[in-house]
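The structure comes first, and the notes follow.

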Amino acid sequence: MESRKLHFASALTSQGWQEDVTVAVDAAGLITSVESSSRAGERVPGIAIPAMPNVHSHSHQRLMIGLAERAGPGADSFWTWRETMYGFALRLSPDDLEAVAAQLYVEMLKSGFSVVGEFQYLHHQPDGTPYDNPAEMSLRCMAAAEQSGIGITLLPTLYAFGGFGGQPPVEGQRRFINDAERFLGIYERLEAESKGHALRRVGISPHSLRAVTPELLREEIAGIAPDAPIHIHVAEQVKEVDDCLAFFGKRPVEMLMAEFDVSDRWTAIHATHITVRETSALALSGAIVGLCPTTEANLGDGIFPAVDFMKARGAIAIGSDSHISVSPAEDLRMLEYSQRLRDRTRNALAGEPGQSTGRTLFEAACKGGALSMRQPVGAIEVGKRCDIAVLDSDHPSLIGRSGDAALDTWIFSGGSPCVKDVFVAGRHVVRDRHHISEEQIAARFRAAIGRLSS
Ligand code: ZN
């Protein structure tokens, strides 16, 4: 791509809100200058904000949105939902996964995300036999990212056991399971595919403390790049906390902190059920908490102590996880509302008096998300990648709004329909609410749904 200049009437830069901002982008898609009071570039109408990293995705779960919202014969829970999800996961072919992921990534881009953290645990054929290329399914997610133009941090999942203490996996988990050596083989192939690719990074995702033992995880960490990100589901469910306590005599986050050198290389996904002591220890460690507020609400997980965690300067990021909703605005709104409903307050996460809740949450999730994904994004500033979302200042919700009021209105009311354009590495992938490959990707998605429902 050629170097180019983009001119926005208004932009949220790392210097705050600025008017008439010209952003210069080099051939690699990195920002080389940000000038205010300058109309030098190609004019893009609207309000420019950093595009958001989405740190937690299981692409295949996009297939079951809306299909688990009916009361079952017994009490519905996360665990009954998981049975439905396993049913879908067992049928998906590599072509199906690629088609579903590409559709999902288009939806992410159109809502204002520019990077996805793919926590990918469907490794093998439906009967559990590895594909000829053991990284086949993860490579399909990479291919889907390429087709859509989104940045991707691929986090192949290490899943070895069915429960705490090395219990054997259940039937529904047979596509997920690897031993140490086979897993590292997958990681290495993905690393090789990412070398020199500006939009790709690779890390690992030990599924949970249920699915790995500390010894196994230590062995894997020794085998990966020293700065590769590590994501883990932790303390999402009360049952998981109880089982961990019964087995190890420690709660999951407590256990993680005791066994590993937890730092900003780590992202704790959910961390819903944590004590006051775990909250401050996790914040101090520098680890990012990857919150998925609409999925956590949909699954009835519980409420993360975000007020205490953010007061302790803990780093947060957001993810769409099961994709029941794919929108940075909706997830940030749900996060704030969960705290308001629990505490019967307003503006629970705004920080200092007078600060905008939307702005505080948005900037925190951009910063934590970039760190979690290990990608140079999340801010409009020199040296970052030119990943920018543009809100439509002519959308009825945003008319007469500017600065923090526009951001608050988008997050608390307007949502995805307000996102008009999205750039990834300076490439205009969503133009006037239309993704550049939308029709082809949707056609392949429709064909995959046809195959899966026949
Ligand atoms: Zn998850």
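Arg374 is partly exposed in this predicted model, because its relative accessible area is 22%, which falls between the 20% limit for buried and the 50% limit for exposed. Arg374 sits in the loop between H12 and strand E14 (388–391). Its phi is near 55°, a positive value in a residue other than glycine.

Ala271 is another non-glycine residue with a positive phi, here about 45°. The loop that holds Ala271 runs between strand E11 (266–270) and helix H8 (276–285). Ala271 has 0% relative accessibility and therefore counts as buried.

Val234 belongs to strand E10 (residues 230–234) and is buried, with 0% relative accessibility. A separation of 165 residues in sequence lies between Val234 and Glu69, and their C-alpha atoms are 24 Å apart in space.

His56 is buried, with a relative accessibility of 0%. His58 is buried as well, and its relative accessible area is 2%.

**Three further residues**

Ile204 is located in the loop between strand E8 (200–202) and strand E9 (205–206). Although Ile204 is a loop residue, its relative accessibility is 0% and it counts as buried. When residues up to four places away in sequence are left out, the residues touched by Ile204 include Leu155, Pro156, Phe183, Tyr187 and Leu217. Ile221, Ile224, Pro229, Ile230 and His231 are also touched by Ile204.

Phe161 occupies the loop between strand E7 (151–158) and helix H4 (180–194). Is Phe161 buried or partly exposed? Phe161 counts as partly exposed, because its relative accessibility is 22% and the limit for buried is under 20%. With residues up to four places away in sequence not counted, Phe161 touches Gly166, Gln167, Pro169, Arg210, Ala211, Val212, Thr213 and Leu216.

Val419 is part of strand E15 (residues 419–424). Its relative accessible area is 2%, so Val419 is buried. Apart from neighbours within four places in sequence, Val419 is in contact with Lys110, Ser111, Gly112, Val390, Leu391, Trp410 and Arg433.

| Pair | Apart in sequence | C-alpha to C-alpha |
|---|---|---|
| Val419 and Ala389 | 30 residues | 6.9 Å |
| Phe161 and Val212 | 51 residues | 6.1 Å |
| Ile204 and Ser437 | 233 residues | 29 Å |

**Domains**

The protein chain is divided into domain 1 (4–49 + 380–439) and domain 2 (60–373). Taken over C-alpha atoms, the centres of domain 1 and domain 2 are separated by 28 Å. Domain 1 puts 27 residues into the contact, and domain 2 puts in 29 residues.

**The largest pocket**

The largest pocket has a volume of about 990 Å³. Its lining draws at least three residues from each of domain 1 (4–49 + 380–439) and domain 2 (60–373). A total of 37 residues line the largest pocket, and Met310, Thr360, Glu363, Ala364 and Lys367 lie nearest its centre.

Which element gives the most to the lining of the largest pocket? H12 does, with ten residues. At least two residues of the lining come from each of strand E1 (4–13), helix H10 (306–311), strand E13 (315–318) and helix H12 (357–373). By residue type, the lining of the largest pocket consists of 18 nonpolar, eleven polar and eight charged residues.

Key. Residues are numbered from 1 along each chain as its sequence is written. This is a predicted model: local features need pLDDT of at least 70, side-chain atom pairs count only at pLDDT 80 or more; totals for chains, interfaces and linings use all residues. Side-chain values use heavy atoms; hydrogens and water are left out. On a 1 Å grid over the protein atoms alone, a cavity is a set of points where a 1.4 Å probe fits but cannot get out, and a pocket is an open set with protein on both sides within 12 Å along at least five of seven lines; lining residues have an atom within 4 Å of a point. Grid points are joined across faces, edges and corners, and a volume is the space filled by probe spheres set on the points. Helices (H or I, at least four residues) and strands (E, at least two) are DSSP runs, numbered from the N terminus. Ala, Val, Leu, Ile, Met, Phe, Trp, Tyr, Cys and Pro count as nonpolar, Asp, Glu, Lys and Arg as charged, and the others, Gly among them, as polar. Domain bounds come from an automatic or database domain assignment. Buried means under 20% relative accessible area, exposed over 50%, partly exposed in between (1.4 Å probe, protein chains only). Contact means heavy atoms within 4.5 Å.
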